[in-house]
Amino acid sequence: MTDLELYERVRQKDKEALEILYDRYERILYAFVLQLTKDRDLAEEAMQEVFIKLWRGGGVYDESKGKFRSWLFTMSRHVAIDLIRKRKPDLQLDESYAEAIPSDSPSVEKEVEWQEERAQIETAMATLPAEQQQVVRLMYFQGLSQQKIADACGIPLGTVKGRIRLALKQLRKQLSHEFIGKEVEQ
């Protein structure tokens with residue numbers, strides 16, 4: 001079921017649809033709000049507020065203005081800022097803080113999409129055997145060459161190459177299913 005279909009069901013007070021949306025967005029929204037607030041309690045409160053607003057109809061999604069998930073992230077951002085201001089009314093948001101909060105421009109959507117893709121990559125990585133995870137992380141996340149990985153791990157260069165090849169094959173397979181499913185969902 002698409003986000004839009006679930007949203008329409010939530011507007012009709014379908015609790016199951018709200019639960020599905022919550023399950024779908026809980027982790028990534030929480031991480032997003034936590035990054036903004038740097039406070040776990042505040043992030044949890046913001047999450048609760050967002051889904052209460054969604055349930056009560058506080059904010060109406062307009063499909064012509066962008067994707068549902070971008071709207072949901074924008075609403076989360078606004079809720080987080082409001083909560084920060086309520087807790088610390090004398091707090092002046094300086095430029096560095098303002099820059100840390102994404103704008104409503106398309107860059108927010110790109111950041112949201114990157115966060116979702118990153119979560120999917122991490123999920124796919126978790127399915128790999130530990131040895132394959134290690135070499136992929138060393139190569140792609142830490143930038144080590146295959147030879148440096150072999151030296152650091154004390155394994156032959158051919159083993160490193162084989163592990164990377166197998167890991168990439170498995171990741172490609174898993175992620176293609178993820179992204180195909182995502183395309184169908186939208």
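How do the axes of α1 and α2 cross, and within what distance do they come? They come within 8 Å of each other and cross at roughly 135 degrees. As for handedness, α1 passes α2 in a left-handed crossing.

That is one detail of a predicted model. Now take the whole chain. The protein has 186 residues, and buried residues make up 35% of them. Its secondary structure consists of nine helices and zero strands. Read along the sequence, the pattern is α-α-α-α-α-α-α-α-α.

Go back to the start of the chain. Between α1 and α2 runs a loop, and Gln12 is found there. Is Gln12 buried or exposed? Its relative accessibility is 64%, so Gln12 counts as exposed. The C-alpha atoms of Gln12 and Gly57 are separated by 9.8 Å, though the two residues are 45 apart along the chain.

Lys13 lies in the loop between α1 and α2 as well. Its backbone deserves a look. Most residues other than glycine have a negative phi. Lys13 is not a glycine, yet its phi is positive, at about 65 degrees. Its relative accessible area is 44%, so Lys13 is partly exposed. Lys13 also meets an aromatic ring: it lies over the face of Trp55, at 4.9 Å from the ring centre.

Lys38 is not a glycine either, and its phi is positive, at about 60 degrees. Find Lys38 in the loop between α2 and α3. With a relative accessible area of 67%, Lys38 is exposed.

Next, the aromatic rings. How many aromatic pairs does the structure hold? It holds nine. One of them joins Tyr7 and Tyr61.

Tyr22 and Phe51 form another aromatic pair. Their centres lie 4.9 Å apart, with 70 degrees between the planes. That pair is edge-to-face too. Why does it tie together separate parts of the sequence? Tyr22 lies in helix α2 (residues 15-37) and Phe51 in helix α3, so the pair connects parts that are 29 residues apart. Tyr22 is partly exposed, with a relative accessible area of 32%. Phe51 is buried, at 7%.

Some rings also gather in a group. Tyr7, Tyr25, Tyr61, Phe68 and Trp71 form one aromatic cluster.

Helix packing comes next. Two packed helices are described by the angle between their axes and the distance between the axes. Take α3 and α4: they pack at an angle of about 125 degrees, with their axes 9 Å apart. These helices are therefore oblique to each other. Their crossing is right-handed.

Further along comes α7, with 12 residues, 130-141. What span should those residues have? At 1.5 Å a residue, the helix should span 16 Å. Its end C-alpha atoms are 15 Å apart, which agrees. Which residues of α7 are buried? They are Gln132, Gln133, Val135, Val136 and Leu138. An α-helix has 3.6 residues a turn, so residues three or four places apart point the same way.

Just after α7 the backbone takes a positive phi, of about 75 degrees, at Gly143. Helix α8 covers residues 146-153. α7 and α8 pack at an angle of about 130 degrees, and their axes are 10 Å apart. α7 passes α8 in a right-handed crossing.

Note on methods:
Residues numbered from 1 in each chain as written. Predicted model: local features only at pLDDT ≥ 70, side-chain atom pairs only at ≥ 80, totals over all residues. Heavy atoms only, no water. Phe/Tyr/Trp six-rings, centres within 6.5 Å; stacked < 30°, edge-to-face > 60°. Helix = DSSP H or I, 4+ residues; strand = E, 2+ residues; numbered from the N terminus. Buried < 20%, exposed > 50% of the residue type's maximum accessible area, 1.4 Å probe, protein only. Lys NZ or Arg CZ within 6 Å of the ring centre and 35° of its normal. Expected span 1.5 Å × (residues − 1). Axes fitted to C-alpha atoms, helices over the stretch in contact; angles between N-to-C directions. Left-handed = near helix turned anticlockwise from the far one by under 90°. Parallel < 35°, antiparallel > 145°, perpendicular 65-115°, else oblique.
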